[in-house]
Amino acid sequence: MTEIVCLNGQFVPAAEAKISIFDRGLTFGDSIYDCCPVVAGRLINWPLNRARIQRSLKEITLCVPDRFWNELDERATELIKLNDLREGYVYLQVTRGVGERVFTYDDNMTPTVILSVCRTNIVKRGHAYRGIAVCSVEDLRWGRRDIKTTQLLYPVMAKMEAKSKQCQEAWLVSAGMVTEGASTNAYIVQRDGTIVTRPISQEILAGCTRDALLSLCKSRRINVDERAFGLEEALTAREAFITSAIHFVTPVTIIDGKKVGDGKIGPLTADLHEAFLQSIGC
């Protein structure tokens with residue numbers, strides 16, 4: 001099936017979509033992106049993604065016209081229909097636009113807006129039912145990790161290090177404390193059932209799935225302690241897991257080659273996984 005993308009408001013076959021080699025998203029990584037999961041042809045938690053897109057644009061002072069937001073809603077929905085996407089995610093990228101390759105830019109540049117889709121299993125993603133292994137990697141990213149920019153070279157490097165160690169994710173560590181995964185948020189479960197995860201700051205990305213999950217925990221009266229935790233604490237935890245747009249709630253059973261708890265999927269993680277699926281109508 002030929003995928004359809006939306007480039008600057010025009011729906012075209014992916015093979016025909018072209019951007020300039022002088023686009024600042026390419027030359028400087030001067031752009032933001034977001035991914036919103038799609039299940040049964042529906043955008044999941046779209047208002048959370050929409051708010052994060054707005055925040056990311058504001059943080060890098062990338063201005064879009066007021067009509068952008070209504071058009072974004074309509075085009076994302078239309079793109080799902082045109083591609084008959086049942087499960088996967090919609091990817092959005094907004095660059096500052098095309099210009100001379102100099103570090104400064106004009107305030108009146110025309111942004112480049114790209115929407116595309118990816119087909120992948122989310123609801124029945126295998127790792128959610130068998131757990132993943134993670135390895136620790138020093139966190140050497142820039143300081144504004146709260147902005148969802150396309151500057152992803154270091155996460156790519158961390159992911160490749162994890163792959164070389166037969167792990168499915170890397171947990172990034174700074175000053176002995178876990179910040180987050182290379183493309184996920186990180187959690188541990190204490191012996192008393194308290195969930196521990198790093199608080200929102202410039203050091204981590206405010207995950208939309210994280211936001212939805214913590215709201216779910218509140219409704220279920222599950223205690224959440226938003227604070228930093230280290231690898232040693234993680235290895236003595238009862239359970240561990242990650243969240244993201246395509247992983248939802250996925251258990252971590254091995255950290256740096258050592259078992260978390262008994263090395264099996266923990267009961268709270270399994271319960272949260274099913275509860276999250278129910279919360280989105282699955």
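The following dialogue explains how to read several features of a predicted model.

Me: In what order do the six strands of the open sheet stand?

Reply: Strands of a sheet pair through backbone hydrogen bonds, either parallel or antiparallel. Here strands are DSSP runs of E with at least two residues, helices are runs of H or I with at least four, and both are numbered from the N terminus. Two strands pair if DSSP finds at least two bridges between them. In this structure the order is 2-1-6-5-3-4, and the pairing is antiparallel. Strand 2 (10–13) and strand 4 (42–43) are at the edges; each has a single partner strand, so one side of each lacks a neighbour in the sheet.

Me: Which residues have a positive phi?

Reply: Most residues other than glycine have a negative phi. Among the exceptions is N8, in the turn of the hairpin, with a positive phi of about 50°. Another is D84, whose phi is near 45°; D84 lies in the loop between helix 3 and strand 5. D256 also has a positive phi, about 50°, and is found in the loop between strand 15 (248–255) and strand 16 (258–259).

Me: Which strands does helix 2 lie across?

Reply: Directions are compared through axes, which are lines fitted to C-alpha atoms, for helices over the stretch in contact; angles run from 0 to 180 degrees between N-to-C directions. Helix 2 (residues 46–59) lies across strand 3, strand 4 and strand 5, and runs at about 180° to strand 3. Helix 3 (residues 67–82) packs on the sheet too, and its direction makes about 30° with that of strand 6 (112–119).

Me: At what angle do helix 2 and helix 3 pack?

Reply: The angle is about 135°, and the axes are 12 Å apart. That makes helix 2 oblique to helix 3; angles under 35 degrees count as roughly parallel, over 145 as roughly antiparallel, 65 to 115 as roughly perpendicular and the rest as oblique. Contact means heavy atoms within 4.5 Å. W46, R50, I53, Q54 and L57 in helix 2 meet residues of helix 3 including F68, W69 and L72.

Me: Where do the axes of helix 2 and helix 6 come within 9 Å, and which residues make the contact?

Reply: The axes of helix 2 and helix 6 (residues 208–219) come within 9 Å and cross at roughly 130°. The two helices are therefore oblique to each other. L48, N49 and R52 of helix 2 make the contact with C208, D211 and A212 of helix 6.

Me: What does R119 form a salt bridge with?

Reply: A salt bridge is a side-chain nitrogen of Lys or Arg within 4 Å of a carboxyl oxygen of Asp or Glu. By this rule the count comes to 21 salt bridges. R119 forms one with E3, their closest N and O atoms being 2.9 Å apart. This pair links distant parts of the chain, 116 residues apart: R119 is in strand 6, and E3 is in the segment before strand 1.

How values were computed: Residues numbered from 1 in each chain as written. Predicted model: local features only at pLDDT ≥ 70, side-chain atom pairs only at ≥ 80, totals over all residues. Heavy atoms only, no water.
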